[in-house]
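Have the sequence and the 3D view open side by side. This briefing walks through sheets, helix packing and a few single residues.

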2 protein chains.
Amino acid sequence: MSDEFDILHPQALLFVLSGPSGVGKDTVLQRMKERDLPFHFVVTATTREQRPGEVHGKDYFFIAKEEFARMIEQDELLEYAVVYGDFKGIPKQQVRDALASGKDVIMRIDVQGAATIRKLVPDAVLIFLTTENETSMVGRLQSRKTETPEGLALRIATARQELKRVDDFDYVVINSEFHLDDTVEKIRAIITAEHHRTIKREIEL
Amino acid sequence: MSDEFDILHPQALLFVLSGPSGVGKDTVLQRMKERDLPFHFVVTATTREQRPGEVHGKDYFFIAKEEFARMIEQDELLEYAVVYGDFKGIPKQQVRDALASGKDVIMRIDVQGAATIRKLVPDAVLIFLTTENETSMVGRLQSRKTETPEGLALRIATARQELKRVDDFDYVVINSEFHLDDTVEKIRAIITAEHHRTIKREIEL
């Protein structure tokens, strides 16, 4: 109708899901994907070897180090980091394309990376995922059993520090281990609410 | 647990549902009440006559004009207005008590009144209810058939002006006539999201 109000045509938004190691970011995102929600889940580019069962373009974009270096140089990455000697980063074009198609974009990123996104895209919506308490977070990190005691101690110390960064985020959601769907519902509520805010967010990257 | 994070003990918040005449504020609130949601719905004090079927303390607090005058003088009302020669207002103590008991408070108020609440309680959350388009709003006002043509014209003109005030609010929700439950779900999402914001709201009145 010609007299429809503008708010009926909302813009696509950029959501960042972050939080310390051991709070369950991947599990939450996995559950959101299973539900087939109408979001674009960002696929990370990485220079590490493709493992059996991993799908290029779905789990990761597997790219050569030379290509990754080119992307850094030409400013094609929203954020990147070195993880265990390999590069991981988020291609800007992918995010731009999804937003242009009208889809909300969700990306999972560590606490350091979220601070970078905040600077580059001030109007991104930053969600901090955490656990009920420190004990629970430490327990999850311990149960991984993929690290040396020294590695684990470092990860716990880092996570403790990162917990203090919650105020740099817009929202905080507690991911209780036994209420994963509850966490997903809260994130969905945040996304719905953000689309009804009267302030207009400018998502440019 | 002793190491629980503070955010597990959230404060109660004050929500204001507003918008021009004819957008369906009462219908939305009625549906929310029917669902038995854990909110305190503010009961308005009025000096008008109690009508058959109306329950004191539920539909309104019916009070004498002298008592209302005393409440105005002693600053016991959050907001008040004269409606067709009678006084209507919101007793502060009721809101304070509900918030103190940990319950979120929701009040329905006209656009002028919402501006008053914004000044008195800057951290109240203001939701602007509207229709898909102006035609729909005018249609609803016309269908009431409780007014003279002049009264109706005045109401439509006022509603048109009030539509421009949307930016004074925190959120805007379109109440489509045939999707009432959708409207309620959006309001619930806003309430959930607000409880997960990292900024602390100070609700004092």
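The points below go from the sheets to the helices and then to single residues.

This is a predicted model: local features need pLDDT of at least 70, side-chain atom pairs count only at pLDDT 80 or more, and totals for chains, interfaces and linings use all residues. Residues are numbered from 1 along each chain as its sequence is written, while chains are lettered from A and ligands numbered from 1 in the order in which they are written. Helices (H or I, at least four residues) and strands (E, at least two) are DSSP runs, numbered from the N terminus.

**The parallel sheet of chain A**

- Five strands of chain A build an open sheet, in the order β2-β7-β1-β8-β9. Its pairing is parallel. Two strands pair if DSSP finds at least two bridges between them.
- The edges are β2 (39-41) and β9 (171-174) of chain A, and each of these pairs on one side only.
- On average, neighbouring strands of this sheet are turned by 25 degrees against each other, direction ignored. Axes are lines fitted to C-alpha atoms, for helices over the stretch in contact, and angles run from 0 to 180 degrees between N-to-C directions.
- Strand β8 (residues 125-130) of chain A pairs with β9(A) in the parallel sense, over four bridges. Here A:F128 stands opposite A:V172 in β9(A).
- Helix α7 (residues 180-194) of chain A packs on this sheet. It touches β1 (14-18), β7 (104-108), β8 and β9 of chain A. Its direction makes about 160 degrees with that of β9(A). Residues are in contact if their C-beta atoms, placed from the backbone, lie within 7 Å.

**The mixed sheet of chain B**

- Four strands of chain B form an open sheet in the order β4-β3-β6-β5, with mixed pairing.
- Its edge strands are β4 (61-62) and β5 (77-83) of chain B, each pairing on one side only.
- Strand β3 (residues 45-46) of chain B pairs with β4(B) in the parallel sense, over two bridges. B:T46 has B:F62 in β4(B) as its bridge partner.
- Helix α3 (residues 92-100) of chain B lies across β5 and β6 (86-91) of chain B. It runs at about 25 degrees to β6(B).

**A covered strand in chain B**

- How many residues of strand β8 (residues 125-130) of chain B are buried? Six of its six residues are. A residue is buried if 20 or more other C-beta atoms lie within 10 Å of its own, exposed if 12 or fewer, and partly exposed in between, with C-beta atoms placed from the backbone.
- In a regular strand the side chains alternate between the two faces of the sheet.
- In β8(B), B:V125, B:I127 and B:L129 point one way, and B:L126, B:F128 and B:T130 point the other way.
- Strand β1 (residues 14-18) of chain B runs parallel to β8(B) and is joined to it by four bridges. B:L17 stands opposite B:I127 in β8(B).
- Four bridges also join β8(B) to strand β9 (residues 171-174) of chain B, again parallel. The bridge partner of B:L129 in β9(B) is B:V173.

**Helix against helix**

- Helix α5 (residues 134-144) and helix α6 (residues 149-163) of chain A pack at an angle of about 150 degrees, with their axes 10 Å apart. They are therefore roughly antiparallel (angles over 145 degrees count as such; under 35 is roughly parallel, 65 to 115 roughly perpendicular and the rest oblique).
- A:M137, A:V138, A:L141 and A:Q142 in α5(A) meet A:L152, A:R155, A:I156 and A:A159 in α6(A).
- α7(A) and helix α7 (residues 180-194) of chain B pack at about 110 degrees, with their axes 8 Å apart. That makes α7(A) roughly perpendicular to α7(B).
- Residues of α7(A) that meet α7(B) include A:K186, A:A189 and A:I190. Among their counterparts in α7(B) are B:K186, B:A189 and B:I190.

**Single residues**

- B:V28 sits in helix α1 (residues 25-34) of chain B. Is B:V28 buried or exposed? It is buried, with 23 other C-beta atoms within 10 Å.
- B:V28 and B:L129 are 101 residues apart in sequence but 9.4 Å apart in space, C-alpha to C-alpha.
- A:D75 lies in the loop between α2 (65-73) and β5 (77-83) of chain A. A:D75 has a positive phi of about 60 degrees, although it is not a glycine. A:D75 is exposed, with 8 other C-beta atoms within 10 Å.

Terms used: Contact = placed C-beta atoms within 7 Å.
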